[in-house]
Amino acid sequence: MAQKIVAANWKMNKTLQESIDFSKEFAKNILNLKKTGVILCPPFISLFNINEILKNTPAKIGGQNMHFAESGAYTSEISASMLKSVNCDYVILGHSERRHDFNETNEFIKKKIDTALAKGLKPIICLGEKLEERESEKTKDVVKKQYDSAFEGISTEEVKNCIIAYEPVWAIGTGLTATPEQASEVHTYIRSLLIEQYDAETADSITIQYGGSVKPANAEELIKSADIDGFLIGGASLKVDSFTEIINIVEEVIN
Ligand code: PGA
């Protein structure tokens, strides 16, 4: 069975002081977690301090993006080694805001995935369709294309270091959540792609998160649905209370 993991994607929110305040309060809430994994992905400027505050808790930290190159003339970019140097274990790659607002293609994202794995970072690989693609029944085609590009040449050992996040673009930050049935159908489809490429045991061990307007009110029915192994959360991860509540719901459901 895949580990249930709840991740926060703060996007471009919180100053350094706000991140510190959040983490100090949050740290106390997760000391007794037994099974649920927690990852915080703040803006780059806060990673160092958040790592210091959370280092004796079960929480891990991750970057929200990175460049595929080791170093060089890439103004404003961050490398895998830089993320590792502040103790990041994870990096979000292929988020729909990067794909659609910053024109990141499957090919570009693939290069980052390969670099992350080569450097020992665990990528949280985001897949998901736009509203018009869902409406024209292209969801599975789009997700398969993104999946095929991301996992091409990834070995059985390497895939075990990947998290997949299914995030329908129309549900991100809109308040529209995919129904548990809609989400579960795509999650099961992604699992079937993993079974086809790898084997059932490996596929079952990969965490497939759902993302898109997850909040305390819908977390329970989503996490109880087939093949949903956790969440990637934007808006509701910005407040200690709502983020903690979602983590507690997941922890309770799996116990
Ligand atoms: P949301 O964002 O929870 O605010 O919809 C999710 C995400 O973009 O990862």
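The model is predicted: local features need pLDDT of at least 70, side-chain atom pairs count only at pLDDT 80 or more, and totals for chains, interfaces and linings use all residues. Residues are numbered from 1 along each chain as its sequence is written, and side-chain values use heavy atoms, with hydrogens and water left out.

**Overall build**

- The protein chain holds twelve helices and eight strands; helices (H or I, at least four residues) and strands (E, at least two) are DSSP runs, numbered from the N terminus.
- Along its principal axes, the C-alpha trace spans about 45 × 45 × 35 Å.
- Of the 255 residues, 54% are buried; buried means under 20% relative accessible area, exposed over 50%, and partly exposed in between (1.4 Å probe, protein chains only).

**Salt bridges**

- The whole structure contains 14 salt bridges, each defined as a side-chain nitrogen of Lys or Arg within 4 Å of a carboxyl oxygen of Asp or Glu.
- Glu70 pairs with Lys119 in a salt bridge, with the closest N and O atoms 2.9 Å apart. Glu70 lies in the loop between strand E3 (60–63) and helix H3 (80–85) and Lys119 in the loop between helix H5 (106–118) and strand E5 (122–127), so the pair ties together parts that are 49 residues apart in sequence.
- Glu185 and Lys140 form a salt bridge at 3.5 Å, N to O. This pair links distant parts of the chain, with Glu185 in helix H9 (residues 180–197) and Lys140 in helix H7 (residues 139–151), 45 residues apart.
- Lys144 and Asp148 form a salt bridge with their closest N and O atoms 2.7 Å apart; both residues lie in helix H7, four residues apart, about one turn of the helix.
- A network of salt bridges links Lys4, Arg191, Asp227 and Asp229.

**Negative surface patch**

- Glu18, Asp21, Glu25, Asp241 and Glu245 form a negative surface patch. Such a patch takes residues with over 30% relative accessible area and no salt bridge, like charges being joined within 9 Å.
- Helix H1 (16–29) and helix H12 (240–254) each supply at least two residues of the patch, and H1 gives the most, with three residues.
- Glu18, located in helix H1, is partly exposed at a relative accessible area of 41%.

Notes
Patches are made of residues with over 30% relative accessible area and no salt bridge: like charges are joined within 9 Å, nonpolar side chains (Val, Leu, Ile, Met, Phe, Trp, Tyr) within 5 Å. Accessible areas come from the Shrake-Rupley method with a 1.4 Å probe; for residues, only the protein chains shown count as cover. Lys and Arg count as positive and Asp and Glu as negative; His and the chain ends are not counted. The place of a charge is taken as NZ of Lys, CZ of Arg, CG of Asp or CD of Glu.
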